[in-house]
Every structure is written in structure tokens, then in C-alpha cells.
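Colleague: I am new to this one. Could you show it to me and take a few questions about its rings and its pocket?

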Amino acid sequence: MANADPMDRQSVYDDYDRARKTFHQLLDGAGETDLARGTNGTRWTNKQLLWHMLFGYMIVLRLLVLVRVFGRLPDRVGRQFARLLNAATAPFDFINYLGPVGAAKVYGPRRMGAKFDRVINSLRRKLAAEPESALARGMQYPVRWDPFFQDFMTLADIYRYPTQHFDFHHRQLTLDEDG
């Protein structure tokens with residue numbers, strides 16, 4: 001994902017808007033039976049996977065901080081940190097599974113939709129305020145944690161990441177299937 005060319009911010013905004021519209025359509029069209037149905041390729045229900053899709057955007061707010069910190073440190077520090085996180089993949093996977101299981105009990109569709117809107121608005125504001133030079137700063141990432149994490153990711157890559165994650169999981173939902 002790392003790229004030295006100027007970031008096409010409008011394409012990121014467009015992707016955020018598309019994901020927001022899709023997310024609301026999914027929530028608005030799903031009844032309780034739909035939300036409780038299992039998904040394709042995960043152990044989650046549709047409701048749990050929808051929350052996980054939302055969380056992909058929420059976590060970016062934290063990842064931006066990590067890139068700003070580790071992007072200023074020597075590369076060896078970032079590499080060591082990424083190796084440490086890769087070594088902790090099993091506990092991460094367990095927590096990554098349990099998070100949506102618990103959160104879906106607290107977050108109903110309306111609350112998920114409102115949170116999605118707030119997070120997207122926050123990401124848009126942050127991206128608009130980023131100097132182009134900051135978007136090229138990056139760090140090493142734990143590639144075992146997510147199929148969209150690369151060895152080295154820039155701030156620009158991190159802004160693009162949540163929609164890749166969203167689109168991947170969108171294909172795993174079973175909301176259009178009959179009970």
C-alpha cells in the first residue's frame with residue numbers, strides 16, 4: 001500500500017461516503033432474524049460482523065496515533081514492536097473475536113449507525129487537516145493481524161485501510177439470504 005505519490009483524498013472521502021451509505025442500508029434493511037443469522041466464513045452473526053466492520057473504522061483513530069509516534073522513532077523500534085505484536089497474534093485473534101460478540105449486545109443497529117457516522121466524520125476532518133508530508137510517514141505493522149496490513153504502512157495507507165476491511169467483510173454478510 002505504501003505510496004510516495006500525493007494522496008487522492010477525494011477518493012478516500014468517496015469510499016467513506018459509499019461505506020457509510022452501504023452500512024446504513026444494511027442496518028435499515030435487516031430485521032432481528034437477519035442480524036442473528038450466521039455469516040459466511042466467520043463465527044460471528046451478521047450483527048456481530050456489522051459491529052466489527054464499524055470497529056475497523058474506529059480502530060483507525062488509534063492507528064493514526066501509532067503511526068505518528070512510531071514514524072518518528074528509529075526503524076528498528078518499529079520493527080521490534082511489529083514483531084512483538086505478531087508474536088501476540090493468538091491472543092489478539094481471541095480478543096478480536098470476543099469484542100464484537102460483547103459489543104453487539106450493547107450496540108443496536110441505530111446506535112451502530114450513529115457511531116459509524118461520527119467516526120467517518122472524524123476521519124474526514126482528520127484527513128482534511130493532514131499535511132501532505134505527514135501522509136508519507138509510516139511504520140512497520142503486524143502483518144499476521146489483518147490481511148490488509150503490510151510490512152510498512154504510511155499514514156495515507158491507514159486512512160485507506162478501513163474501507164478495504166469493510167468491503168472484505170461486507171462480502172461475508174448473509175443479510176440478503178432467506179432465513
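Colleague: Which residues do ring pairs link into a cluster?

Modeller: Happy to start there. This is a predicted model, so local features need pLDDT of at least 70, side-chain atom pairs count only at pLDDT 80 or more, and totals for chains, interfaces and linings use all residues. Residues are numbered from 1 along each chain as its sequence is written, and side-chain values use heavy atoms, with hydrogens and water left out. Rings of Phe, Tyr and Trp (its six-membered ring) pair if their centres lie within 6.5 Å; planes under 30 degrees apart are stacked, over 60 edge-to-face, and the rest tilted. Ring pairs of this kind join Tyr-16, Phe-23, Tyr-57, Phe-116 and Phe-166.

Colleague: Where do Trp-51 and Phe-55 lie, and by how much of a helix are they separated?

Modeller: Helices (H or I, at least four residues) and strands (E, at least two) are DSSP runs, numbered from the N terminus. Both residues belong to helix 3 (residues 46-70), and because they are four residues apart there, the separation is about one helical turn.

Colleague: Is Trp-51 buried or exposed?

Modeller: Buried means under 20% relative accessible area, exposed over 50%, and partly exposed in between (1.4 Å probe, protein chains only). Phe-55 has 28% and is partly exposed. Trp-51 has 8%, so Trp-51 is buried.

Colleague: How far apart in sequence are the parts that the pair of Trp-51 and Tyr-107 ties together?

Modeller: Trp-51 and Tyr-107 form an edge-to-face pair, 6.2 Å centre to centre with 65° between the planes. Trp-51 is in helix 3, while Tyr-107 is in the loop between helix 5 (89-106) and helix 6 (109-129), so the parts tied together are 56 residues apart.

Colleague: Which element gives the most to the lining of the largest pocket?

Modeller: A pocket is an open set of points on a 1 Å grid over the protein atoms alone, where a 1.4 Å probe fits, with protein on both sides within 12 Å along at least five of seven lines; lining residues have an atom within 4 Å of a point. The largest pocket is lined by 35 residues, and those nearest its centre include His-52 and Trp-145. With eight residues, the top contributor is helix 5.
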